[in-house]
Amino acid sequence: MLEAHRAIRKYSTTWYVPVTTMPAGLNEALSSAYLLMRAIDEIEDHPELLPKEKDVLLCGISSVLQERCRPEDFKAVLADTSVPLPEVSLRIGEWAALAPPQIAPRIRETFATMAERMGGWALHGWHIHTERDLDRYTYAVAGTLVLLLSDLWSWYDGTRSDRTLGVGYGRALQAVNIYQDKGEDLGRGVDFWPDGWDAARLRGYAMRELRRADRYLAQLPAHGPAFRFCSRPLAAAWRTVRAGPGP
Ligand SMILES: CC(C)=CCC/C(C)=C/CC/C(C)=C/COP(=O)(O)OP(=O)(O)O
């Protein structure tokens, strides 16, 4: 677990504290989930891998997640690449194995689906022209993660949560990242902003979802693990949009 926490600290200012301060059980499940997300995202975002190669790797990972999740099968999928992969991706078998067995299949399901979707985007490009495109993107990369989180709360201590508002929580945080990272994203040739949208419009989208996220948080048991996990990143996201007008 020390290794996993170290890897999370390397990648995430937002999620390091929420994940690593969770009680035993949830801590392993959330560490596994975060690192599986990061392992596949680093392949999708890789500046030197060709689209076809990304698709083969991501679909290979998805297949292993749907099979027995054996470390040697991940190794075989990741063995022959034209450029070296980051350590967090190469260690995906270790991250998958961190998940408590009673809930591991639910975690794998999220990332098997996400990896396959990401493979398709790598191949065909992710084109965001309309608000519906943005909705689909924020759902696929963040809304689905909060559906997983809701199932983790329920598995851990029976906490009930509203999954419709949960999708809003995920969309909100992703939209705030898109709002904040415009320059950086354009610099690497990706544009997540719908055609013709200015900062005020994207900020409006983010704020609408942030209000849903507030309601997601408000219905969680006060001071329970789910509430503690979600509150800090949400407060940070609100600070970012309030500081507007942005890019
Ligand atoms: C345990 C787990 C799966 C947590 C993620 C939950 C979640 C709702 C993520 C939304 C998507 C998002 C904004 C990811 C950025 O993470 P990042 O680490 O790149 O963010 P940072 O750069 O702001 O630190």
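A salt bridge here is a side-chain nitrogen of Lys or Arg within 4 Å of a carboxyl oxygen of Asp or Glu. Keep that in mind for the views that follow.

This is a predicted model, in which local features need pLDDT of at least 70 and side-chain atom pairs count only at pLDDT 80 or more, while totals for chains, interfaces and linings use all residues. Residues are numbered from 1 along each chain as its sequence is written, and side-chain values use heavy atoms, with hydrogens and water left out.

**View 1. Two domains side by side.** The protein chain is assigned domain 1 (1-125) and domain 2 (126-247); such bounds come from an automatic or database domain assignment. Their C-alpha centres lie 21 Å apart. Where they meet, 28 residues of domain 1 are in contact with 24 residues of domain 2, contact meaning heavy atoms within 4.5 Å. The area buried between domain 1 and domain 2 is about 2,200 Å², and carbon and sulfur atoms give 76% of that. Buried area is the accessible area (1.4 Å probe) that two parts lose on being put together, summed over both.

**View 2. Links across the domain boundary.** How many salt bridges are counted between domain 1 and domain 2? The count is two. Look for Arg106 and Asp151, whose side chains meet in a salt bridge (2.6 Å, N to O). On the domain 1 side, α2 (16-20), α3 (26-44) and α8 (104-124) each supply at least two of the residues that touch domain 2. The largest share, eight residues, comes from α8. Helices (H or I, at least four residues) are DSSP runs, numbered from the N terminus.

**View 3. Around the ligand.** Here 13 residues surround the ligand, and the closest are Ser12, Thr13, Thr14, Tyr34 and Arg38; a residue is included if one of its heavy atoms lies within 4 Å of the ligand. The side chain of Ser12 has an N or O atom 2.7 Å from a ligand oxygen atom. For Tyr34, a polar side-chain atom lies 2.5 Å from an oxygen atom of the ligand. In the side chain of Arg38, an N or O atom is 2.6 Å from an oxygen atom of the ligand.

**View 4. A salt bridge along helix α1.** The salt-bridge rule gives a count of 18. Glu3 and Arg6 are three residues apart in helix α1 (residues 2-11), so about one helical turn separates them.

Definitions and conventions
Polar contact = N/O pair within 3.5 Å; in protein donor to acceptor, adjacent residues only side chain to side chain.
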